[in-house]
Amino acid sequence: MAKKIVLILLGVLLMGCIVWILWRVNEREQGSDVPKEAFIPNNSAVVLNVRANVSLSPRLKEAFETEWANYQKSIFYRSIDTLQKLKLTENTSWVLALRREGKKSVRFLYILNRVPAASRSEVIRFLADYYAKSGLKERSYDKFKIYSLRDKETEVYFAVVGGMVLLSDSELYLEDALKQIGEDKKNDPESIPVYKNITRYFSETAGMNIFLNTSCFSDVWPLYMSRNVVSPRLDLTKWFKWGALDGEIQSDGIGFNGFMYYGGMKATFLNVFKGQQPMASRIEGVIPSGVNAVTVLNLSDTRAYLTALETFRHKAGIIEHARKRKSEFTRLFGEEVEASWRELLQGEFAKGVFSYDPENKEEEGFVMVYLKSGSLGRALLKNMLGNYAVKVNINEASLERTTALDQEKKVAYYKMPVTDFAGVLWGYIWDGVPSRFAMIQDNYLILASSESVIRRFAENYMRRLNVQDMDWYKKTRVKMSAKYNWMYLAETGSMYPFYRDMANDGLKDFLTQNKERLDVFSSFGLQWISEDEMLYQSVFLNTEKVEQPPAQVVWQTKLDAKLTMKPVVVVNHNNGERELFVQDDSRTVYLINDMGRILWKLPIDGKINSEVYQVDFYKNGKLQYLFSTSEKLYLIDRNGNYLPRYPLAFKSSCPSGITVYDYDNDRNYRVFAPCADRKIYLYELSGDLVEGWSQPQSDNDPVSKVYYFRVADKDYIVFADRYRIYILDRRGRERVKVQTLYDLLQGTVIYLTGKEQNESLVFGSAGGELQFVDFNGASRSLKPDKITAGYLFNVADTDGDGNDDFIFSNGEHVYVYDRNGKVLWETGVKEGRLGFPYVYRFSARDTRVGTLDESHSELYLLDKGSPSNGFPITGTSAFSIVFQNTGKVGFYLYVGSEKDSLLKYRFIR
């Protein structure tokens, strides 16, 4: 009996297993071994594969909070999200495909992996229960079941096939997906879905993968953007066959990398890139700043590009227009114009756009062409225009223009008789900027839309203000490759009118209504690198905030080497204007005008170790520049020429540097030189030693410059050696004997402090003590409590109370003490190495301290310990400040900067 029971139970169990297996087979239907990509209909325009680790960055979530909230309310999102949360579908990845249906409709198809443990009926039952109020409709399609649900105005269709769940807002789209799986692939190999193997083009580690089909460009693109977004004569929808990109949502933006394929397309513009090697751009480094969009073309073989360009025009049916325009150019400008320019091309082109005019559909900007010879280019341009003047019977001079960049520098440019010169000769990608004016700068041809662009270009080019220094450009450019064939970078906010004008219908409305939120995308970059019949593509939408510069850069002048010397502001004796005298680290000195133009430069033998003094050697109102190195005394006129006898070698080296005084303001200058032979030499400007000077000698090597003070109608000459202070009269004889010995360092600075009868000298000793010496020789000291060895020291009234304060920079800190040793304020820079604390007086009660943090190349202008508005800024030298004209509230700042440059900033207070 027991044996029968066991056999019955085993039979029941076996039958149960058979039933379960049949049920699972029925549940799984067909296609259980088919990847979800195989369900994608072949005519899908875009396929997006999204992995679970993808999420919007905080900035994107904030910007599109409304759109995201609305999407979360949609029947699509709620269905997918709930299926994943209930673990009925996997959340590792899902596929979204889209295509165009009808004239203007775009439909979507979602494909998700069903969790193996979840049955088809469980998924269907869940959706039926979840949308019970709407009611679930079912119908058969071939061997499959299609279900539909309605949520308000939205109807969604779904099917559960094998291991997949498919959802779409188009019943037809869902049918096409099921049809592919239902076809007999064994009998009809051609019916194998084209998307089945697209994963081979994708990276498995990327957060997103995107496949772009031909219909993406031919069907979907025109719904949203103009076909002629690049040029009125170029149809972008005919450029690509397909493309595959990997994407990531990063903290600073959204990036895509992959390739676009155009093989076999005879009439695509991209054939011009075939065979071109990617290159590092030189022209990119000279595009002036201020532009809001930049296009760069790099060619390794210019002739091959121009040949391919003509072939493309023929295949695309636009050759006739180009031929007519070239024929007109020949008639107007003479024979061989095109060939002559072709010989001069280096293979680099650029377009810079300052703004866009929607009314006239024109870009305000320039096209820039790198030439093998600027002088030959200028001659060719003048010859062209001369031929034109003869042809139309006008005076050639009527085409010539000049613009003054400063009182001494003028730039010549020309009015162009045609506005499509660059587009016709070198490709319609240069359309958009009409070539109304032309100019040659060094080895570059500039074709500009207006005279204001010509002037703006020339000014920024002269001042070396480069687009590579603009924050939006740097943050986007760093995401691109150093070598490339074509690149477009733009500050999206400034170019917004252009993008809106290129948009169609609904997208135009969306851009118009949502500009503020779309400003989250601060800049955009697109780059192509050619290889065979593919373009490797990088796309980056930057969401980092573009930092507005704390001050406006007025100009930037490139030097031969790094500038670490504090720029010296000097006066042009001809017109009273400011100029800058500087020395770079290669020991070259420069005179630069206030427009940033180098007037001259001159290599010298050593580093300047003194102030740069302006003196009137001939006493005729014309000024020269007097300074020293450790070995020589220099006197140079405003044209960069040495005066007779100069440079003058010292009797012995002068490591502390000279000082210059005009006792009675009668231009009888006295030049003091404390030398290594312990003698103090006194020179006239002629280079002769002053007669009557006793040539005093110190006990030890001098450690300070020589100072001149007038106190109570008496003159005092003061200097220091390693242990002593010397106070002399104007003949070099000891006037005051100081008995105290000190511990002093090389570079000791001596100041005069105090009022009237209480005036005294003050200087710092090696250990950080302040030493005071009056003019009777009496000495006292004051030890500020926080000062240690290695400090730098200055004296000024920082709080406007009429009494001097003592300013120290000591490693990471700046301290200011009053005359009693009380700390007035202090501040610090973590891990900083602060330089000399210079004093800048803004008004009687507004004195600030400026210093360079050498560790981080940052400049600080401190107002009672706090950084002034706009500081810190980057710099490599101490800075000089000049105030604007009376009635204006601001100042100019001159400083050395990265890339071996001198910068002029304008600050608004």
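Which residue just after helix 4 takes a positive phi? I looked this up before anything else, in what is a predicted model. The residue is K87, and its phi is about 60°.

**Entry: helix 4**

Helix 4 covers residues 75-85 and is mostly covered, as nine of its eleven residues are buried. I listed the buried ones: I75, F76, Y77, S79, I80, D81, T82, L83 and Q84. I note that D81 and Q84 are among them.

**Entry: the whole chain**

I then stepped back to the overall dimensions. I counted 17 helices and 54 strands in the protein. The C-alpha trace spans about 135 × 95 × 45 Å along its principal axes. I compared the radius of gyration with the value for a compact globule of 909 residues: the globule would be near 29 Å, but the protein has 39 Å. For burial, I found that 54% of the 909 residues count as buried. I also looked at contacts between residues at least 6 apart in sequence, and 57% of these join residues at least 24 apart.

**Entry: helix 10 against helix 11**

Next I took up helix packing. Helix 10 spans residues 337-344 and helix 11 spans residues 374-392; they pack at an angle of about 165°, with their axes 10 Å apart. Angles over 145 degrees count as roughly antiparallel, so helix 10 is roughly antiparallel to helix 11. I recorded the crossing of the two as left-handed. From helix 10, the contact is made by V337, S340, W341 and L344, and helix 11 supplies L376, G377, L380, L381 and M384. Sorting the contact of helix 10 with helix 11 by class, I have seven nonpolar residues, two polar and no charged ones.

**Entry: helix 9 against helix 11**

I asked how helix 9 is placed on helix 11. Helix 9, residues 319-333, packs with helix 11 at an angle of about 80°, and the axes are 7 Å apart. The two helices are therefore roughly perpendicular to each other. I find R331, L332 and F333 of helix 9 meeting M384, N387, Y388 and K391 of helix 11. This contact of helix 9 with helix 11 divides into four nonpolar residues, one polar and two charged. I note that M384 of helix 11 takes part in the contact with helix 9 and is also listed in the contact with helix 10.

**Entry: T629**

Is T629 buried or exposed? I first placed T629 in the loop between strand 29 (624-628) and strand 30 (632-636). Its relative accessible area is 2%, so T629 is buried. I then listed its contacts, leaving aside neighbours within four places in sequence: I604, G606, K607, I608, N609, Y634, F650 and C654.

**Entry: K622**

I moved to the loop at the other end of strand 29. K622 lies in the loop between strand 28 (613-615) and strand 29. What is the relative accessible area of K622? I have 47%, which means K622 is partly exposed. Not counting residues up to four places away in sequence, K622 touches H573, V615, D616 and F617. I also checked K622 against R578: they are 44 residues apart in sequence and 15 Å apart in space, C-alpha to C-alpha.

Technical notes:
Residues are numbered from 1 along each chain as its sequence is written. This is a predicted model: local features need pLDDT of at least 70, side-chain atom pairs count only at pLDDT 80 or more; totals for chains, interfaces and linings use all residues. Side-chain values use heavy atoms; hydrogens and water are left out. Axes are lines fitted to C-alpha atoms, for helices over the stretch in contact, and angles run from 0 to 180 degrees between N-to-C directions. Helices (H or I, at least four residues) and strands (E, at least two) are DSSP runs, numbered from the N terminus. Angles under 35 degrees count as roughly parallel, over 145 as roughly antiparallel, 65 to 115 as roughly perpendicular and the rest as oblique. A crossing is left-handed if the near helix is turned anticlockwise from the far one by less than a right angle, and right-handed if clockwise. Contact means heavy atoms within 4.5 Å. Ala, Val, Leu, Ile, Met, Phe, Trp, Tyr, Cys and Pro count as nonpolar, Asp, Glu, Lys and Arg as charged, and the others, Gly among them, as polar. The radius of gyration is taken over C-alpha atoms; the globule rule is 2.2 Å times the number of residues to the power 0.38. Buried means under 20% relative accessible area, exposed over 50%, partly exposed in between (1.4 Å probe, protein chains only).
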